[in-house]
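This report is meant for someone meeting the structure for the first time.

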Amino acid sequence: MVFSSVLFLFAFLPVTFLIYYAAPYRWKNTALFLLSLVFYSWGEARYFPIMLSVIAVNYASARGMERTARRGTRAAFLWIAVLFNFGMLGFFKYADFLSSNLNALFSLDLPMLRLTLPLGISFYTFQTMSYTIDVYRGDVPAERNIIDFGAFVVLFPQLIAGPIVRYTDICTQLHSRALSLPEIEGGVRLFLLGLASKVLIANNIGSLWRDAEQIGFANISTPLAWLALAAYTLQIYFDFSGYSLMAIGLGRMLGFRFPKNFDFPYESRSVTEFWTRWHMTLGAWFREYVYYPLGGNRCGRRRQIFNLLAVWALTGLWHGASWNFVIWGLYYFVLLMIEKMFLLDRLKKNCVFSHFYLLLIVSIGWGLFAITDFGALGAFFGRLFSMTGGTDWLYFLRNYAVTFALGALFSTQVLKKPFERLTQNRAAAAVIYGALLLVCTAYLVDATYNPFLYFRF
Amino acid sequence: MQSPTAVLFFAAILLLALLNAVSPDRENSEAENRPLQQSPHFTVSSMLDSSERGFAQKYEKYLSDQFAGRDGWITLKSVCEAAFGKTENNGVAYGKDGHLFGIYRAYDEENYRANVEALAAFAAETPDLAKTALLVPSGYEILRDRVPANLGNADQLSALAQTRRTLEAAGWQTVDPAPVLDGDSYYRTDHHWTTHGAFLAYEAFCESAGVTPVAPDEGLRRESGGFLGTYYNKAKKFDAAADTLVYYDLPVDSVTINGEATDGLYDLAKLATRDQYAMFLHGNNGVTVIENAVGEGSLLVVKDSYANCFVPFLAQNYRTVTVVDLRYLPTGFRALLEGGSFDRLLVLYNFENLASDENFYRLDD
């Protein structure tokens, strides 16, 4: 199930919150666990046993670790969980990628499995791994109650598109949390802001990118190529950050505080800064569980460069099983290296240039990210840099001008303060958020373009 | 109230969930002119099916299709799209003077070529039959001054010119209606041409076929207002101006559809529904035979819906007009062709249907 749907908003949510709020305190995690399982299994019921096995294996291996002080046994339990979790992720997400590369390299004929990914597998695998590794390190005690643990793994708000919530982020709340009206009010507001980001801005501007794709990247003018790239840049931000906001809002409505995931990343002035403000929980995960364990910056310059290379290749691959994602990750590795060597200081000195630089770099990055087919990718970049004239872009500029303006405005903090002042007035807030719900509902009922972008993640 | 937004939110989603549960389901959407998803049956195997046919997927579509006040929500979206300054909605662009145009930037060129080749091959097999191809461009090619600037739709006129050359080389006569069609030849809210446009093309056809066009008696002219067509159904432009549909109450001796005698050329009951254009020739049917003793000879028409308002004029020239819609005639075209003694075959298609239709192989069946 996805958030931006009539089914979620007007069937799943009302039933879920009625049950959850009505349930006695000690049953709330059980209710949450079962409801989240319904959310996960909807439309993909055959994957239901996978989720149960993920919960069981990680629960058992963490409990096993805790029963012994012997390093070897503890490590064995960790490896069981690691192999199981990444085995699942590898099988569903990377098997076809591996086979097709082997086929191409050695002229084999390995069959393609063409599996749909279990919902949110990249997100819940990372979340579950954080738990098992933390228990292994002794940072946190193993969870005793399998229902509470299951509720953490399959918790529906952040299951499908983040933020990546680590067990240590919410283990206290998992056992004792207070539901209060101000928290719920705040949660509803965040959820509606996220919904509006996704439905009113991301979907609306994203159709420009789809139009350009349909015309064919080989047939568009250079201005239209840039316009389409700008549209995708806004789409991916409002879609992804919208999903995170919806998750954080839903979490607060349930009594959880999830970590922030986006902090106006397009305001950054360097790639280094951008990656501290974009999908923050993913960066934190790779830092904590890949970069530091490999030695981080503590083992000399060469080793640090290798560690960063590993992190960025993996970051790319995490976003999808295709070479363009690896290239996208390595593109950022190279840029971060260049910034580390000399560029960062210069960027700090020039305010206008650094903003321009960042937006240009990030947009071009999204071009690499968006097109998985290398023929189309070549055609698109050919158009971006070939100075091909044409008037096709004028229609799109006219049609999408207001959406562009809104997208550009809301990806900065310009309106943040005035909006907060305005919505301090409760009545004004109710009117504004009510209108957002009304309009979003209209767009969901008559949905023509409402993609789920994370099916590859 | 301490938390009005939260109260409002939960009240709204509960209320709408309840309304959805109690509001009666509709079979069809009059406004969208399509059947709506009905409540799916739950079985274990359908729940495990993750394809479009699965229970979960159908249920999701059912909830959306049967959403309480669906038509109102669709109108609200259309109003918001206008507020966003959009010049299109759901693949339909807003032109000048209330004209709506389908966005048609690319088409299946391979399928288009295959269909043209099927026609050329057909000519090789029927050298003794006189054949005319009348291929009609979409409205945006004719009403250039009313199309939004730089819409970027596909160039149908060049493709049609090329196609006419191919067909002529294969033994077809062709009629290009583009030069005679004028600003009133297409509906504002529907993808079809108007009766006026069809008549202009009919005159061009007559000239090519060597028959004398019969202008309809203006006393037989009938009008039906409030026509909101297929483009409107997609775009739901909240301030769209309705079209007026014109038809001529032309006399014919008999109309037979799929072997059953039918009352007249038109289904007047359709004028009371949303899809008024469906009144012409009672909509699209496999085989329609029109007899009219004032005419001479026998004409076979293979066509799409563009022909439905065109054929009544032909019935004034030909004693028998046999109209075939290949989409509704799976087999039997060959038998029909060889069984009748036709003086001429007319193939009449709109460009977009010629490009998308996958039934031309039925010419051999």
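In this predicted model, B:Asp275 is partly exposed, because 16 other C-beta atoms lie within 10 Å of its own, a count that falls between the 12 or fewer of an exposed residue and the 20 or more of a buried one. B:Asp275 is located in the loop that runs between strand E11 (260–262) and strand E12 (287–291) of chain B. When residues up to four places away in sequence are left aside, B:Asp275 touches B:Asn33 and B:Lys270.

Elsewhere in chain B, 3 strands form an open sheet with antiparallel pairing, in the order E3-E4-E5. The edges of this sheet are strand E3 (88–89) and strand E5 (100–102) of chain B, each of which pairs on one side only. Strand E4 (residues 92–94) of chain B is joined to E5(B) by 3 bridges, and these two strands run antiparallel; within E5(B), B:Gly102 is the residue that stands opposite B:Val92.

The two chains also meet each other, and the contact takes 48 residues from chain A and 43 residues from chain B. On the side of chain A that touches chain B, at least two residues each come from helix H1 (6–22), helix H9 (181–215), helix H17 (392–410) and helix H19 (426–445) of chain A. Of these, H19(A) gives the most to that side, with 12 residues. The make-up of the side of chain A that touches chain B is set out below by residue class.

| Class | Residues on the side of chain A that touches chain B |
|---|---|
| Nonpolar | 28 residues |
| Polar | 12 residues |

As for confidence, chain A has a mean pLDDT of 94, and 99% of its residues reach 70 or more. Within chain A, confidence is lowest in helix H7 (residues 156–159), at a mean of 92, and highest in helix H10 (residues 222–254), at 97.

Terms used. Residues are numbered from 1 along each chain as its sequence is written. Chains are lettered from A and ligands numbered from 1 in the order in which they are written. This is a predicted model: local features need pLDDT of at least 70, side-chain atom pairs count only at pLDDT 80 or more; totals for chains, interfaces and linings use all residues. Helices (H or I, at least four residues) and strands (E, at least two) are DSSP runs, numbered from the N terminus. Two residues are in contact if their C-beta atoms, placed from the backbone, lie within 7 Å. Two strands pair if DSSP finds at least two bridges between them. Ala, Val, Leu, Ile, Met, Phe, Trp, Tyr, Cys and Pro count as nonpolar, Asp, Glu, Lys and Arg as charged, and the others, Gly among them, as polar. pLDDT is the predictor's confidence in each residue, from 0 to 100.
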